Each structure stands twice: as C-alpha cells, then as structure tokens.
Amino acid sequence: MNGDTFRAKKGLEGVIFDETAISEVIPERQTLLYRGYPVADLAEHCRFEEVAYLLLHGELPDTTAIKVFTEFERHHRAIDEGTLAVLRSAPAGHHPMDSLRTAVSFLSMTEPFSGAEDPPGLLRKSILFYAKLPTIVAADYRIRQGKNPIPPQSDLSAAENFFLMCFEQVPHPDLVKALDASLTLYAEHGFNASSFTARVVASSLSDLGSAITAAIGSLKGPLHGGANEAVMEMLAEIGTPDRARDWVLKALAERRKIMGFGHRVYRLGDSRVPTMKIYRDRVAEATGDSRWIAISHIVEQTVHDEKGIPANLDFPAGPTYALLGFDIPMFTPIFAMARVTGWCAHVMEQLSGNRIVRPLSTYIGPEERRVIPLEHRSS
Ligand code: COA
C-alpha cells in the first residue's frame, strides 16, 4: 500500500462516498439538478409540494398524483398533544433547532410513525415528516412568543399554511412565492453534511426518525444550515451600509469567516444564489425595505474583492426570511422543513443498496505500551 492510502481526507474532501440519483451538483456550470431538473426551473415553475413529490418519488407528479399526495400531506399536518407538550416544556431561551430536534425525536415514537420500514412504510413516514415539520416549527415560534399555536388549515398550500400558522394570516402571493421558492432551493443538495449524516445513521439499519433527528443536529451548525441565521446576525450587527466595508475588512483581518460565503463544492459560485436573489429583491421591493440589500451588496463586493469567495444560498436567504417577518432563530428550522424531503429521499436511497458506513482513520496516538497496575503507577 502506498502512503496516500492512509492519509486522512479531512472533511472527506474529494471522497466519492456512494452513487445517487437524487441530485447532481455541477460546479463548473454552477448548476444543481434535482432528478435531472434544474433547480432554478423548479423554483420558478413548481410549487414546493411538486418538488417534494419529485424528490420522494423520483418523477414530477401529474395532476392526479399531486392531488393524492397533497391531500395526504394536508390531512397529516396536525401534530399530537404529546409533541406540543414537548415544545411547551422547552426551557425559555432555547434555540428552535433544539426544540425541533427534540420534538421530531418524540414525534417519531408516536402512533403514525409505527409500522415497518419497508419501502412503502418509509415513503409513508417520509411524507408524514414533511407534512408535520412546518407545524412543529410554527408552533414552537408561537410558544416562544407566549402565544397559542394555530392549528394547520387543509385548504392552503404548504407555504400559505406555514405563514398562517405563524402569523394568523397569509401575505400577498408574491411573498408566499418567495418562501415557496426558498424551500425548493433548500430541499436537496447531494451529500451535504446533514444528508450524509442521515445516510450514515440509516446505514446501520436504524430507523428513519433517528436519521432525521441526527440530520437536524447536523444542519444546526453555522458551517451548514445555521449559516442563514449567522448571515442575518452579521447584517444586523453591521446595521448601515456605510459600515459594511470596514466591518468585512476587519473580520477578514482577524481571519474570521464571513457567513454566507464559500462552499466545499462550488468554487465559482452557488447555483442557487441567482434565483434566491431574485426573490429576495422582490420581497424587499414589496415590503419597501431595502436596507439589508444595500448592506448585502457591499459585503458581497468586499468579500469578492478581498478573497474572491462567492456567496452561497444562505447569504440571500437570511435577509429574505427577515423581510418575510420571521425571527432569526427560525431560519434554520425553515431550512429543515425543506431539507427533510432530501433527507428522506437519501435514507430511502441508502437503504435500497445499503452497506454500513464505516471509514478508517489514521492513528496518531501513543505507541503500543504495557498497562502498569494502578498500585505501581506513579502520580
Ligand atoms: N470567509 C472567509 N474566508 C473563507 C470563507 C468565508 N466564508 N470560506 C472559506 N474561506 C477561506 C478559508 O479561510 C480558507 O482559507 P485558507 O486556505 O487561507 O485557510 C479557504 O477559503 C478554504 O476554505 P475552507 O474552510 O477550507 O473550505 P471548506 O470547503 O472546508 O468549507 C465552508 C466550506 C462552507 C464550511 C466554508 O466556506 C465556510 O465556513 N463558510 C462560511 C459558513 C457558511 O456560509 N456555510 C454555509 C455553506 S452552504
């Protein structure tokens, strides 16, 4: 064996872990395809429900298929009292990703999630998670505000219903479309950290609930999904456009990472950014609030000039969510509501050709040595 065989691949960079038919990242063309369809086209022409169907079933639905799928999803949006009690008992000041992770773990033990995890059972449970996650996120938001959760309504789209459950009203269709498109853009992205986590958990033949719970934990980190919150915290800290350039220069001089920039796979630019920016700008125009856009332009230009690093999806998504009225700690939970479709697709794919994930390590600890009995060990 040559020396390279045992050289650790930090962050698994460049490692091809498995095959997938769910999505294809084409960095040289800054393109992302979900089952062959460009994500920008899906965001423009399809509702998130169709994209969820595509990821879970492999094909876009026809009118009959989407009717059946949507009816099932709408019928199963509600969450049980036990899961609501979990949310109500979360300590004050908790992060919503922690309550989401805990609630999903609890939810996965409830009756609708019982039954075999054969392919039809897995598909059914996947749609249940997709249906119920927005209800958890919205209920947690209401509880954090000291308000009662609003039950889901079955005559609204997923995005409309989410707004209703959060704010008691559905905004203008342009704002609903911006959220809907962001869910499509966030839904899937190859072997990212959280989807890989879900596959690793599934590979031991653990259950779907465990895989989704673990994936939520992975998504929470600021190098992954947590970045959309960190972006907004940064924009809020900068506060005004005139402070933006100096803020970035200082952060770079201190060798701090600028959140919402960089990507392991895209070095030229994130395929999802142009679409998200269109919706961000539309929401800014509709709400008459252009402050975050003005700061964003300067931050992006400065990072580009100084480091040549392009923005990723979290950079325009963060201010879009703020302009839509969501509070910052909800941003990553909203990401999870979308990505759960990708996670479930990955678990199903992993199990369709499973082999337990078990990589190697390069050992760098002490040489082999003898155990000295406790009474002979000097202090
Ligand atoms: N701000 C400043 N410098 C950055 C940067 C950022 N956001 N992202 C990468 N870099 C720099 C690194 O410091 C490193 O420079 P060096 O070689 O001088 O040390 C170089 O670019 C390579 O970055 P690295 O961290 O090794 O890339 P990675 O592939 O391991 O990590 C990310 C990818 C996404 C985790 C990383 O770019 C990052 O932390 N971005 C900010 C968090 C974020 O937006 N996450 C969401 C991803 S969708």
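This is a predicted model: local features need pLDDT of at least 70, side-chain atom pairs count only at pLDDT 80 or more; totals for chains, interfaces and linings use all residues.
Now show the side chains where they touch. On α5, pick M97, L100, R101, V104 and S105; on α10, pick I212, T213, I216, G217 and L219. Colour this contact by class and you will find 6 nonpolar, 3 polar and 1 charged residues.

**Next stop: the two domains**

Zoom out and colour the protein by domain. Domain 1 takes in residues 16–220 + 328–352, while domain 2 covers 227–323. How many residues of domain 1 are in contact with domain 2? There are 29 on the domain 1 side, and they meet 22 residues of domain 2.

**The largest pocket**

To find the largest pocket, select L223, G262, H263, R264 and V265, the lining residues that lie nearest its centre. The whole lining has 49 residues, and the pocket's volume is about 1,800 Å³. Which elements give two or more residues to this lining? Select β1 (23–26), α9 (193–203), α14 (291–307) and α16 (331–352) in turn. Of the elements, β1 gives the most, with 3 residues.

Keep your domain colours on while you look around here. The lining of the largest pocket draws at least three residues from each of domain 1 and domain 2. Then switch to colouring by class: the lining divides into 23 nonpolar, 14 polar and 12 charged residues.

**The cavities**

Rolling a probe the size of a water molecule over the atoms shows where empty space is left. In this structure, 2 cavities of 30 Å³ or more turn up.

Begin with the largest cavity, which has a volume of about 90 Å³. Select E73, Y130, P134, A158 and M337, which are the closest to its centre among the 14 residues that line it. Two elements give two or more residues to this lining, namely α6 (119–144) and α7 (158–167). Which of the elements provides the largest share? Highlight α7, the source of 5 residues. By class, the lining of the largest cavity has 10 nonpolar, 2 polar and 2 charged residues.

Move on to the second largest cavity, with a volume of about 50 Å³. Its lining can be selected in one go: P96, S99, L100, I136, V137, D140, R144, M330 and P333. Here the elements that give two or more residues are α5 and α6, and α6 supplies the largest share, 4 residues. Colour the lining of this second cavity by class and you will see 6 nonpolar, 1 polar and 2 charged residues.

**Back to where you began**

Terms used:
Residues are numbered from 1 along each chain as its sequence is written. Side-chain values use heavy atoms; hydrogens and water are left out. Contact means heavy atoms within 4.5 Å. Ala, Val, Leu, Ile, Met, Phe, Trp, Tyr, Cys and Pro count as nonpolar, Asp, Glu, Lys and Arg as charged, and the others, Gly among them, as polar. On a 1 Å grid over the protein atoms alone, a cavity is a set of points where a 1.4 Å probe fits but cannot get out, and a pocket is an open set with protein on both sides within 12 Å along at least five of seven lines; lining residues have an atom within 4 Å of a point. Grid points are joined across faces, edges and corners, and a volume is the space filled by probe spheres set on the points. Domain bounds come from an automatic or database domain assignment.
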